[in-house]
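Here's a quick briefing to get you started with this structure. Have a look at it first, then read on.

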Amino acid sequence: MTKKAHLLGFIQHGVNSHATGMWRHPKDKVNWNYARPEYWQHMARVMERGLFDAMFIADELAPYNTHGGNSDPIVKYAVQCPTHEPSTIAPIITGATKNLGVGVTLSTAFEHPYSMCRRLSSLDHLSEGRVAWNIVSSYSKSEWDAYGAEMTERADRYGRLEEYMELCYKLWNSWEDGAIVADKASGIYADPSKVHEVNHQGEYFRCKGRHFVAPSPQGQPVLWQAGSSERGRDFAAKHAEAIFAVHPTIARMRQYSDDLNSRLKTKFNRKLGSVKLIYGVQTVVAETRSEAQAKYERIQSCIPPEGALAWMSGHFGLDFSKYNLEEKIQNIEVPGIQGLFESILYARDGAPVSIREAALIYAQGMGMPVLVGTASDIADKLELFMEEGGADGFMLAATYTPGCFEEFVDLVVPELQRRNRYRTAYPGKTLRENLVSNG
Ligand SMILES: Cc1cc2nc3c(=O)[nH]c(=O)nc-3n(C[C@H](O)[C@H](O)[C@H](O)COP(=O)(O)O)c2cc1C
């Protein structure tokens, strides 16, 4: 059976997503205000017209403060800043559509599982079962500073996260089928013997109470993960229904998907293919190659070099303002997002890349492969990533919005459909149904 691609649109609830400086582009948000519902409704309708599985909202909880020890360049160059709260737009996105899902990044670091589950179950109801949760645990010190807390070690964060999930599952599974009777004659709304009180006394959390939200259409949100350290990969292989990963070359994609499959099989006894592997890509499409190349160069020209460095400092937890920019990235170890650091380590197949070059590669689209060309060129690459890289689908990083998604939907989607590599209608109602189907 020909594998068909899943597509998601990768954005943030802010002025700029993952292409640094893009807010300066003459085509960015013309007559749209990112802080208003109309913009999100429009983006959602475009993605639904393109039969995307979901709009995927990245997030962080505070401006990065690693570069030079402060957040000045982050604020100055709009490096993922300002960023508004992500779950607030979920009902706007799903309210404007019938089938499009929404992935929401929510950190477990400062929120108790009880309120996290309540929020996600409520969103699942409001969307009729179209919500995914991108589970993160706050890798950035700025988030801990903003919340007035001491940052914990990665191992501890993952230990806590395990218990976090254990408690979430208890809450989500605590209402039995048939618990709601809603019998007006007797006045009985729900059968208390079927709504179990959760009593959790763990190392990190305590909880004694019933889940406050009636069972939602999906029961629990689709669980999404992007952890990429050893612990992160195990966590994803154990819990995730879909993984978001960034790899710049097919060889790295292949290694990643082999590694995931081996963890699924040998460590967690899960079926191969039970976790969808979604790779990040950025596309610049036009009717001709030369037009696409010109567009790409115009996009690149928007990147502010200091903002690019500050973004790397934020994601990787090192202050690159203190480094010689000619130093090779391969000689450096970082405490921050491991998986994304690898995207620049292997940007040139592992050949040395200086910090200066790495910052520009990274600022373009977080180290994702950048596919520049006609719809047919781009479809060729996506097919290759599916066939040889193990991709089940793609997270499309924004350049200028909403234009980049409109162009992709108008040009690349029909090309993928012509090749029988993409759906022509939504196969299911819920996000989970759409995600698990081939096409
Ligand atoms: C492609 C990708 C996207 C990510 N997006 C976010 C995000 O939006 N917000 C966030 O807090 N962390 C994000 N992360 C960070 C991770 O989910 C994870 O928490 C972090 O990498 C630390 O785990 P690790 O050490 O196992 O990689 C992302 C990571 C990757 C690889």
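Helices H13 and H14 cross in a right-handed way; a crossing is right-handed if the near helix is turned clockwise from the far one by less than a right angle, and left-handed if anticlockwise. Bear in mind that this is a predicted model, where local features need pLDDT of at least 70, side-chain atom pairs count only at pLDDT 80 or more, and totals for chains, interfaces and linings use all residues. Residues are numbered from 1 along each chain as its sequence is written, and side-chain values use heavy atoms, with hydrogens and water left out.

**H13 and H14**

- H13 covers residues 375–389 and H14 covers residues 403–418; their axes are 9 Å apart and the packing angle is about 55°. (Helices are DSSP runs of H or I with at least four residues, strands are runs of E with at least two, and both are numbered from the N terminus. Axes are lines fitted to C-alpha atoms, for helices over the stretch in contact, and angles run from 0 to 180 degrees between N-to-C directions.)
- That angle is why H13 and H14 are oblique to each other: under 35 degrees counts as roughly parallel, over 145 as roughly antiparallel, 65 to 115 as roughly perpendicular, and the rest as oblique.
- On the H13 side, Ala375, Ser376, Ile378, Ala379 and Leu382 meet Phe408, Leu411, Val412, Glu415 and Leu416 of H14, where contact means heavy atoms within 4.5 Å.
- Sorted by class, this contact has eight nonpolar residues, one polar and one charged. (Ala, Val, Leu, Ile, Met, Phe, Trp, Tyr, Cys and Pro count as nonpolar, Asp, Glu, Lys and Arg as charged, and the others, Gly among them, as polar.)

**H1 and H14**

- H14 also packs with H1, at an angle of about 20° and with the axes 9 Å apart.
- H1 and H14 are therefore roughly parallel to each other, and their crossing is left-handed.
- H1 brings His42, Met43, Val46, Met47 and Arg49 to the contact, while H14 brings Phe405, Glu406, Val409 and Asp410.
- Five of the residues in the contact of H1 with H14 are nonpolar, one is polar and three are charged.

**H7 and H8**

- The axes of H7 (residues 230–239) and H8 (residues 250–267) come within 9 Å and cross at roughly 60°.
- That makes H7 oblique to H8, and the crossing is right-handed.
- Glu230, Arg233, Asp234 and Ala237 are the H7 residues here, and they meet Tyr256, Asp259, Leu260, Arg263, Leu264 and Lys267 in H8.
- This contact of H7 with H8 divides into four nonpolar residues, no polar ones and six charged.

- Most residues other than glycine have a negative phi, and most peptide bonds are trans.
- Cysteine 81 and proline 82 are joined by a cis peptide bond, with omega about 0°; proline 82 sits in the loop between H2 (72–76) and H3 (90–95).
- Another cis peptide bond runs from threonine 401 to proline 402, with omega near -5°, and proline 402 is in the loop between strand S13 (393–397) and H14.
- Lysine 29 isn't a glycine, but its phi is positive, near 50°; look for lysine 29 in the loop between S1 and H1 (37–49).

**Cavities**

- The count comes to six cavities of 30 Å³ or more. (On a 1 Å grid over the protein atoms alone, a cavity is a set of points where a 1.4 Å probe fits but cannot get out, and lining residues have an atom within 4 Å of a point. Grid points are joined across faces, edges and corners, and a volume is the space filled by probe spheres set on the points.)
- The largest cavity has a volume of about 700 Å³.
- It is lined by 42 residues, and the closest to its centre are Val136, Tyr139, Ala226, Ile337 and Leu340.
- H6 gives the most to the lining of the largest cavity, with four residues.
- The lining of the largest cavity divides into 20 nonpolar, 17 polar and five charged residues.

Methods
1 Å grid on protein atoms, 1.4 Å probe; cavity = no way out; pocket = protein on both sides within 12 Å on 5 of 7 lines; lining within 4 Å.
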